[in-house]
Amino acid sequence: MMKFLKQVTDYTKEAVQAAKYIGQGLSVTFDHMSRRPVTVQYPYEKLIPSERFRGRIHFEFDKCISCEVCVRVCPINLPVVDWEFDRETKKKKLNHYSIDFGVCIFCGNCVEYCPTNCLSMTEEYEMSTYDRHELNYDNVALGRLPYKVTQDPMVTPIRELGYLPKGVTSGHDLPAGSRRAGQLPEEILAQMEPKAPKEEAKAAE
Amino acid sequence: MTTGIDLQASFIQIFEQLGLPHGAAKLVWLPLPMILIVTAVTVLALVATWLERKVSAAAQQRIGPEFMGPQGMLVPAADVLKLLTKEDVIPAKTDPWLYSIAPILVFVPIFLSFIIVPFGQNMVITDLGVGIFLWVALSSIAPIGLLMAGYASNNKYSLLGGLRAAAQSISYEIPLALSILAVVMMSNSLSTIDIVNQQSGYGILGWNIWRQPVGFLIFWIAALAECERMPFDLPEAEEELVAGYQTEYASVKFMLFYAGSYANLILSALLFAVLYLGGWESPIPVSWLAGVLNVNETAPWFQVVAASLGIILTLFKAYLLLFLAILLRWTVPRVRIDQLLDLGWKFLLPISLVNLLLTAGLKLVFPVAFGG
């Protein structure tokens with residue numbers, strides 16, 4: 001008899017506990033309803049890409065020495081470097097350069113290894129076309145600079161999470177002049193400088 | 001007890017004054033509430049789909065539909081237009097008859113059940129003596145339709161979904177009916193009007209929810225299962241069964257299923273309001289309010305205000321429950337089929353039986369509070 005009663009009480013306890021947990025879950029869901037939407041209303045609002053954003057590759061024609069390092073470090077040997085040897089100057093002359101962004105995986109190896117820094121990453125990511133062959137950018141297309149989100153009058157730029165003030169999680173409706181958390185390298189340096197000469201003096205003694 | 005406005009009586013009276021015989025006047029009146037209810041239910045279901053989108057979006061910190069009409073309110077209309085203009089595909093090797101009849105068999109009983117949903121003392125198509133029992137009876141036709149849809153589609157996912165839907169509907173029908181029975185026992189009537197009247201008089205304190213604290217929970221769980229709502233949506237579990245019995249359906253036939261499921265949800269919410277939340281009764285009794293404001297309760301304008309208040313309150317209660325259902329959808333994970341049947345047969349059924357017994361006992365002991 002006691003065993004049966006214990007079973008009943010245990011079962012009831014479990015049921016009550018389950019109901020309690022469902023109630024807690026409901027309160028969490030309900031709480032979410034009053035929060036501001038975190039979504040970015042894309043064509044009207046855009047996130048500002050971070051400074052390390054790996055977007056479309058920019059190419060500076062005049063800096064290129066046709067060394068083909070970019071081709072060698074590319075996982076699929078993608079960049080096409082069309083050059084010829086100029087006998088008069090005894091130097092390679094670059095004729096054409098192209099990267100097919102329909103195939104590129106934006107790993108940034110070419111940018112990393114380019115000896116003359118003629119390759120760089122931009123913040124452009126909206127490259128959709130109706131024909132995939134249009135994604136094969138030649139040196140003219142590669143030399144174009146993207147339009148900045150912050151300068152587009154049609155777009156409200158939204159800061160990414162890492163660029164928000166401390167404790168803020170939404171990039172919407174930020175007060176003007178609000179800064180990201182932490183300090184700039186210059187500021188850290190400025191704080192360190194007054195101490196630095198003293199230490200040097202001590203070291204000299 | 002005031003009767004409130006009786007549209008039917010006044011309508012027939014007007015036509016009799018115009019020289020029509022009583023029978024003819026009644027015949028003219030007959031289709032009006034039906035058309036009204038069918039349109040109203042369609043609109044209510046469309047509003048429910050819109051709410052589902054908006055509330056789901058809010059629960060996930062999104063905005064949801066925004067640009068189609070104010071706050072995306074035209075999305076349901078666009079849905080209907082799209083589904084109406086789509087090609088009606090009947091896949092090869094289906095059973096064309098069963099395939100076509102199934103959605104109708106699911107859709108019609110749900111819309112038919114609305115004839116017993118009261119919005120006021122006389123704001124109901126028919127005050128049937130068997131009222132709430134009609135709903136229970138009609139809702140058990142739906143599993144046949146679901147099973148037919150699942151079988152006729154000639155698709156293993158559809159068949160699995162149909163079987164699950166049938167098993168689920170049948171097993172949750174019983175606790176649902178038993179919890180209704182407890183309410184019926186207290187009101188001594190199956191008529192929805194009588195059930196509401198029995199709860200009236202004391203405002204929010206008189207509602208059945210206080211007398212049936214376990215019953216309303218059982219009813220709500222079972223109703224969610226009957227509507228195949230989220231914690232119990234395994235007939236349509238999209239991760240496992242594509243869309244269950246709806247998989248092969250398109251255009252108008254799919255729309256019938258879709259509208260049917262939302263209309264069913266609205267119906268359950270409305271009946272919950274009727275059974276446990278005092279239907280059209282306001283939390284503060286209207287007659288008491290009239291007494292405080294020193295208004296004659298039989299004044300025509302007051303009758304109109306009270307009737308509109310009743311309709312608004314019924315809908316408000318129903319949509320509050322709908323909101324709760326959507327919240328539950330984003331809170332509770334889907335149960336497995338064995339858990340579902342366990343919950344239905346081993347938990348809800350005994351509890352609802354105990355609840356019924358307890359209600360019967362309380363009715364004998366306290367006939368005043370429990371409708372002796």
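Modeller: Two strands count as paired if DSSP finds at least two bridges between them. The model discussed here is predicted.

Biologist: What makes S3(A) and strand S4 of chain A a pair?

Modeller: The requirement is at least two bridges. S3(A) and S4, residues 91-100 of chain A, are joined by seven bridges in the antiparallel sense, so they qualify as paired under that rule. Within this region, Asp86(A) has Lys91(A) of S4(A) as its bridge partner.

Biologist: Which strands make up the open sheet, and in what order?

Modeller: The open sheet has three strands in chain A, ordered S3-S4-S6, and the pairing is antiparallel.

Biologist: Why are strand S3 and strand S6 of chain A said to stand at the edges?

Modeller: Strand S3 (80-86) and strand S6 (136-137) of chain A each have a single partner strand, so one side of each lacks a neighbour in the sheet.

Biologist: How many helices and strands does chain A have, and how do they run from the N terminus?

Modeller: Chain A has six helices and seven strands. From the N terminus on, the order is α-β-β-α-β-β-α-β-β-α-β-α-α.

Biologist: How many helices and strands are there in chain B?

Modeller: Chain B has 16 helices and zero strands.

Biologist: Why is chain B called as compact as a globular protein of its length?

Modeller: The globule rule gives 21 Å for 372 residues, and the radius of gyration of chain B is 22 Å; the two values are close, so chain B is as compact as a globular protein of that length. Along its principal axes, the C-alpha trace of chain B spans about 65 × 55 × 45 Å.

Biologist: What does the radius of gyration of chain A look like against a compact globule of 205 residues?

Modeller: Such a globule would have a value near 17 Å, but chain A has 29 Å. The C-alpha atoms of chain A fill a box of roughly 105 × 70 × 45 Å along the principal axes.

Biologist: What percentage of residues counts as buried in chain A, and what percentage in chain B?

Modeller: A buried residue has 20 or more other C-beta atoms within 10 Å of its own. In chain A, 8% of the 205 residues are buried; in chain B, 42% of the 372 residues are.

Biologist: How many residues does each chain bring to the contact between chain A and chain B?

Modeller: Chain A contributes 11 residues and chain B contributes 10 residues. The side of chain A that touches chain B has six nonpolar, four polar and one charged residues.

Notes
Residues are numbered from 1 along each chain as its sequence is written. Chains are lettered from A and ligands numbered from 1 in the order in which they are written. This is a predicted model: local features need pLDDT of at least 70, side-chain atom pairs count only at pLDDT 80 or more; totals for chains, interfaces and linings use all residues. Helices (H or I, at least four residues) and strands (E, at least two) are DSSP runs, numbered from the N terminus. The radius of gyration is taken over C-alpha atoms; the globule rule is 2.2 Å times the number of residues to the power 0.38. A residue is buried if 20 or more other C-beta atoms lie within 10 Å of its own, exposed if 12 or fewer, and partly exposed in between; C-beta atoms are placed from the backbone. Two residues are in contact if their C-beta atoms, placed from the backbone, lie within 7 Å. Ala, Val, Leu, Ile, Met, Phe, Trp, Tyr, Cys and Pro count as nonpolar, Asp, Glu, Lys and Arg as charged, and the others, Gly among them, as polar.
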